[in-house]
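Here is a note for a colleague who is opening this structure without having worked on it before. Please read the points with the model in view.

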Amino acid sequence: MNIKMYRRENGSYGVRNRIAVIPTVACVSHVAQLIASAVEIADAYTHPYGCDQLGYDKELSSKCLAKMGIHPNNGAVLVVGLGCEEILPHDLYEAIKSQQPNTELLVMQEVGGTEKTVGIGREICRKFAVQLESQQKVETDIANLTVGVECGGSDFTSGIASNPAVGVFTEKLTALGGKVVFGETTELMGAEDIIKEHCTSEEIYDFIVGKIKKVEDTAIDMKVDLRGTQPSPGNIEGGLSTIEEKSLGGVCKIGRALIVAALEFGDTATKSGVSFVDTPGNDMACSLGLSAAGSQIIIFTTGRGTPMGFAAAPVIKVTANSKIAQLMRENFDIDLSDIVEGDTSIAAGGEAIFNQVLAVAEGELTAAEKLGHREFSLYRVSPILT
Amino acid sequence: MKKALLLSEKDNTATVLEDVTIGDDVEIKDANKAAVCMIRALNDINRGHKIAIKNLQADDEIIKYNHTIGTATQGISAGQLVHIHNLASRRGRGDLR
């Protein structure tokens with residue numbers, strides 16, 4: 001099966017042709033925002049970090065910013081640095097430029113003040129925009145599509161309708177050679193037996209279970225009760241009583257498909273089939289991990305209703321809660337509440353999701369995109385020490 | 001008559017699909033919409049929350065999706081609401097050490 005996407009120099013394919021304005025450090029976030037705000041297809045990847053980061057924490061932030069630069073949905077990149085931060089602007093620029101030739105760098109302490117940097121940055125982005133406008137999509141195999149699957153603001157409908165429908169989608173895309181990525185390590189706690197049935201090797205199973213145990217051990221070391229956030233107050237009001245119950249509903253997103261790889265946060269999924277990536281359940285951090293793994297599109301199920309999108313990948317919002325589908329209508333792409341209340345089958349729900357993914361891959365804007373939801377976050381793994 | 005969904009044969013809880021009032025008869029249906037049994041509600045139960053379909057003792061496993069979702073912290077009668085007041089997770093409990 002073929003679809004039309006934008007081909008990138010490094011061999012990847014994008015479903016969007018956008019400009020990423022990536023600040024290395026919080027201090028230039030506002031500058032990046034001002035630059036991106038002047039060009040319709042530009043997104044500012046603002047974050048509060050980039051300075052006072054050490055060790056693995058700094059490496060992970062640098063790696064994720066580079067992954068956003070080379071993300072296939074971006075056709076051009078402007079790195080905006082300050083000049084004294086630990087995430088070195090020239091290093092980030094080189095890391096991106098090696099795979100995305102359309103990359104420019106501005107370092108404020110070398111260029112000038114806010115007004116001058118913003119002015120030059122906008123000029124660069126306008127030039128990029130003209131250039132990207134003429135780029136045509138090419139026909140390519142759907143095997144070049146990677147879709148992230150995620151749930152957030154879950155309620156009882158997530159596990160009985162929308163996640164199982166996503167599972168049907170996962171089976172279908174992977175059968176066609178495509179890639180599906182899932183994460184949310186904490187929200188696999190209690191679903192280990194099911195994960196085991198899906199793993200194609202013992203190494204993959206051991207990796208995933210090891211990551212779940214690490215979260216659990218951390219909670220125990222911190223002497224905290226995971227129930228403070230898992231399930232969240234909204235999950236509980238929505239009928240979910242325990243993390244196990246939430247996990248058993250969440251794991252339905254992979255359907256009966258097999259898990260062919262297990263990745264660290266920031267790594268890219270390369271194998272056809274389902275890949276696990278070790279992310280927190282936190283929606284922004286998970287979206288970053290799924291995008292860094294190469295997801296050109298994210299499917300996000302929510303029973304409680306959450307509006308967030310993501311800078312790098314269009315987010316398709318699915319709900320099966322009729323009340324929230326009415327109340328937050330403009331935030332949803334797919335309403336599967338008839339699975340819960342009527343006669344729609346889970347298989348039909350999966351088909352609807354598959355068709356929506358194809359439409360979004362070929363350019364249809366998601367509800368989140370139409371509303372300007374292009375959020376971004378880094379995933380900080382160490383406390384601020386210095 | 002109110003309806004509740006039983007996700008697997010082994011489950012001892014079902015999800016009510018509409019708001020249930022104490023005394024309501026609740027028809028428990030499986031995923032294929034076949035009727036399994038009828039239970040009289042012993043509590044008000046909000047849409048999407050769980051009703052016990054068997055009598056359970058403290059420390060019994062609560063089953064949904066054919067898997068354990070935690071343990072009963074007290075005796076629970078068929079027809080009662082099963083939620084955080086009588087069902088607890090044992091996972092990630094740093095507070096217990």
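1. Strand β3 of chain A, residues 18-23, runs parallel to β4(A) and is joined to β4(A) by 3 bridges. Within this pairing, the residue that Ala20(A) faces in β4(A) is Asp43(A). Please keep in mind throughout that the model is predicted.

2. The pair belongs to an open sheet of 4 strands in chain A, which follow one another in the order β4-β3-β5-β6 with parallel pairing. Because β4 (42-44) and β6 (103-107) of chain A each have a single partner strand, they stand at the edges, and one side of each is left without a neighbour in the sheet. From one strand to the next, the twist averages 20°. Helix α5 of chain A, residues 114-133, lies across β3, β4, β5 (74-81) and β6 of chain A, and the helix runs at about 170° to β5(A).

3. The domain assignment divides chain A into domain 1, covering 18-133, and domain 2, covering 141-370. Between the C-alpha centres of domain 1 of chain A and domain 2 of chain A there are 29 Å, and the contact draws on 10 residues from domain 1 of chain A and 9 residues from domain 2 of chain A. On the side of domain 1 of chain A that touches domain 2 of chain A, helix α2 of chain A (residues 55-69) gives the most, namely 5 residues. By class, that side of domain 1 of chain A has 5 nonpolar, 2 polar and 3 charged residues.

4. Strand β12 of chain A, residues 297-301, deserves a separate look: 5 of its 5 residues are buried, so the strand is largely enclosed by the rest of the structure. In a regular strand the side chains alternate between the two faces of the sheet. Both faces of β12(A) are covered, with Ile297(A), Ile299(A) and Thr301(A) buried on one side, and Ile298(A) and Phe300(A) buried on the other.

5. Which strands pair with β12(A)? One of them is β8(A), which pairs with β12(A) in the parallel sense over 5 bridges, and here Gly148(A) stands opposite Ile298(A). Another is β13 of chain A (residues 315-319), also parallel to β12(A), with 4 bridges; in β13(A), Ile316(A) is the bridge partner of Ile299(A).

6. Helix α10(A) is likewise largely enclosed by the rest of the structure, since 8 of its 8 residues are buried. The buried residues of α10(A) include the charged Glu244(A), Glu245(A) and Lys246(A), as well as Ile243(A) and Leu248(A). The cover over the buried residues of α10(A) comes from both chains, and includes β8 (146-151), α6 and α9 (233-237) of chain A together with β6 (61-64) and β7 (67-72) of chain B.

7. In the contact between the chains, 28 residues of chain A meet 23 residues of chain B. Helices α6 (156-175), α8 (202-221) and α10 (243-250) of chain A each supply at least two residues of the side of chain A that touches chain B. That side of chain A is made up of 12 nonpolar, 7 polar and 9 charged residues.

8. Taken as a whole, chain A has 15 helices and 14 strands. Its radius of gyration is 20 Å, which agrees with the value near 21 Å that a compact globule of 386 residues would have. Buried residues make up 59% of the 386 residues in chain A.

Key:
Residues numbered from 1 in each chain as written. Chains lettered and ligands numbered in written order. Predicted model: local features only at pLDDT ≥ 70, side-chain atom pairs only at ≥ 80, totals over all residues. Contact = placed C-beta atoms within 7 Å. Pairing = 2+ DSSP bridges. Axes fitted to C-alpha atoms, helices over the stretch in contact; angles between N-to-C directions. Buried ≥ 20, exposed ≤ 12 C-beta atoms within 10 Å, placed from the backbone. Domains from an automatic or database assignment. Rg over C-alpha atoms; globule rule 2.2 N^0.38 Å.
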